[in-house]
Amino acid sequence: MSENTPVHHVAAIGAGPGNLSLAALYQASSDGRSMVLFDRQAGPSWHAALLHPGVGMQTSWLKDLVTVVDPTHRLSFLNYLVTTGRFYALHNSQFDSLPRREYQRYLAWAAGQIENLHYGVDVDAISLTADGFRLSAAGVPQSLSEHVVVGVGTRPTIPAPLSGLPEDRVFIADELARRLPAMAVDRTAPVAVLGGGQTGCEAVLRLIGEGFTDVRWIGRGQWFHTIDDSPIANEFYRPEHQRFLQGLTLSTRDRLVTEQRSTGDALTPGGMRSVYQANYHALLETGSFAAHIMVGHDVVDATVEDDRIVLRCETSEHRTEIPVAYAVVATGRELAPIPFDDELRERVEFDDNGEVIVESDYSIRWKGSNGHRIYVLNRARQSHGIPDANLTLLPVRSALIVNSMFEREVYRLQENLCAVTWG
Ligand SMILES: Cc1cc2nc3c(=O)[nH]c(=O)nc-3n(C[C@H](O)[C@H](O)[C@H](O)COP(=O)(O)OP(=O)(O)OC[C@H]3O[C@@H](n4cnc5c(N)ncnc54)[C@H](O)[C@@H]3O)c2cc1C
């Protein structure tokens with residue numbers, strides 16, 4: 001190992017919103033100790049491939065990197081707006097939801113003020129040392145640290161029935177923008193969008209907006225659900241509910257969180273209306289709908305026949321075939337892998353699904369920790385509640401982790417007025 005490998009208190013893999021929030025709160029309280037972050041991307045970027053024109057956030061701008069724990073923090077979204085001169089322009093635009101492009105700019109602005117943040121570093125090994133951990137990239141040690149935080153996020157998946165098909169015809173939604181010029185040679189060719197969630201919805205809107213006239217929006221469910229944004233559903237997105245969950249057995253938490261999914265994993269309110277309105281405009285302009293919404297269709301197999309991809313679907317009582325020129329896959333994401341080296345992997349405890357077991361302070365269970373902790377972000381939805389997989393309570397999670405790292409109450413989590421008693 002190089003004698004020059006920098007030594008830090010904490011080393012973080014990934015510089016998405018999760019670790020940026022943690023670094024912001026860490027930096028404000030570090031007592032001279034340091035945190036280093038590595039991200040494989042070339043520079044600040046947040047789901048850039050899915051930034052179609054006009055796409056909006058599913059969460060309020062108040063749910064930024066810091067505010068719900070420390071509203072006076074200089075990396076608040078409000079401070080971003082005021083110091084970059086955007087406050088009135090944005091406020092007077094009266095968006096129903098914040099443009100995602102604006103949130104991405106805010107993240108880049110915040111990242112520019114985080115110390116020790118290195119882009120272009122793909123960490124491929126977390127190893128044990130006598131004093132903690134070493135992170136390496138392509139065999140080169142990058143840091144030594146007492147603790148590690150894994151914030152590697154998620155990645156899109158292609159379901160088994162659609163794997164092995166030509167990549168220029170069947171691809172994930174992240175590739176749609178890049179493929180559009182080739183597809184636009186024939187905008188009347190049928191294009192399938194698979195998946196009834198927000199990413200599928202945005203792909204359909206993009207295709208209609210680009211003038212495609214035969215879009216088939218296909219999903220398993222009988223209808224495509226909209227997020228339940230009612231006051232009582234929003235109560236799941238507060239620290240009090242997280243505390244309630246922590247008092248339950250793991251199996252009960254798992255059951256309750258599964259029941260709550262429609263409050264998070266669904267279409268933005270107004271998303272379906274946007275599709276219907278874009279579709280109606282297409283009808284007025286061309287005489288026919290641009291999108292056909294094919295609910296209750298489960299794609300179980302797909303093959304290439306002549307110049308078409310043939311999707312074989314099971315419906316509630318029949319089987320049917322849908323031949324298309326392209327299939328845009330927006331069926332979900334999986335957790336990105338954690339790059340433990342073999343020795344460390346041997347010591348980590350995994351559950352029946354092969355996932356790490358996350359304690360209440362977001363550290364994971366592993367043998368021989370000796371005070372050194374590995375924290376994980378966005379991997380504890382079933383045990384810690386839905387907010388772990390989204391942006392709503394980032395500062396709360398960050399505060400709990402900072403408190404755990406410093407073994408004292410650096411951040412006091414305020415008790416909030418709450419009219420609900422969960423049972
Ligand atoms: C298109 C889209 C829109 C979303 N919109 C919302 C929303 O409006 N509201 C909401 O609450 N939630 C939203 N979510 C869900 C969730 O909040 C986001 O996915 C969020 O980005 C998660 O933050 P993260 O930091 O955990 O992971 P990510 O943002 O995925 O960041 C992970 C980072 O780790 C890096 N990385 C991965 N592996 C390595 C490695 N080995 N070495 C170095 N770097 C690595 C990646 O380059 C990436 O930058 C959205 C998700 C998507 C996909």
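Ala302 stands opposite Leu311 in β13, a handy place to start looking. Strand β13 covers residues 308-314 and pairs with β12 in the antiparallel sense over seven bridges. Strands here are DSSP runs (E, at least two residues), and helices are H or I runs of at least four, numbered from the N terminus; two strands pair if DSSP finds at least two bridges between them.

The sheet is open, with three strands in the order β12-β13-β14 and antiparallel pairing. At its edges stand β12 (298-305) and β14 (319-324), each with a single partner strand, so one side of each has no neighbour in the sheet. From one strand to the next, the twist averages 25 degrees.

## About the model

This is a predicted model, where local features need pLDDT of at least 70, side-chain atom pairs count only at pLDDT 80 or more, and totals for chains, interfaces and linings use all residues. Numbering starts from 1 along each chain as its sequence is written, and side-chain values use heavy atoms, with hydrogens and water left out.

## Around the ligand

The ligand is surrounded by 28 residues (a heavy atom within 4 Å). The closest are Asp39, Gln41, Trp46, Gln58 and Leu391. This shell divides into eleven nonpolar, twelve polar (Gly counts here) and five charged residues (Asp, Glu, Lys and Arg).

Look next at the polar contacts (N or O pairs within 3.5 Å). A backbone N or O atom of Leu391 lies 2.7 Å from a ligand oxygen, and a polar side-chain atom of His47 lies 3.0 Å from an oxygen atom of the ligand. The protein covers 89% of the 980 Å² of accessible area that the ligand has on its own (Shrake-Rupley method, 1.4 Å probe).

Note on methods: A polar contact is a pair of N or O atoms within 3.5 Å; within protein, one must be able to donate a hydrogen and the other to accept it, and residues adjacent in sequence count only if both atoms are side-chain atoms. Axes are lines fitted to C-alpha atoms, for helices over the stretch in contact, and angles run from 0 to 180 degrees between N-to-C directions.
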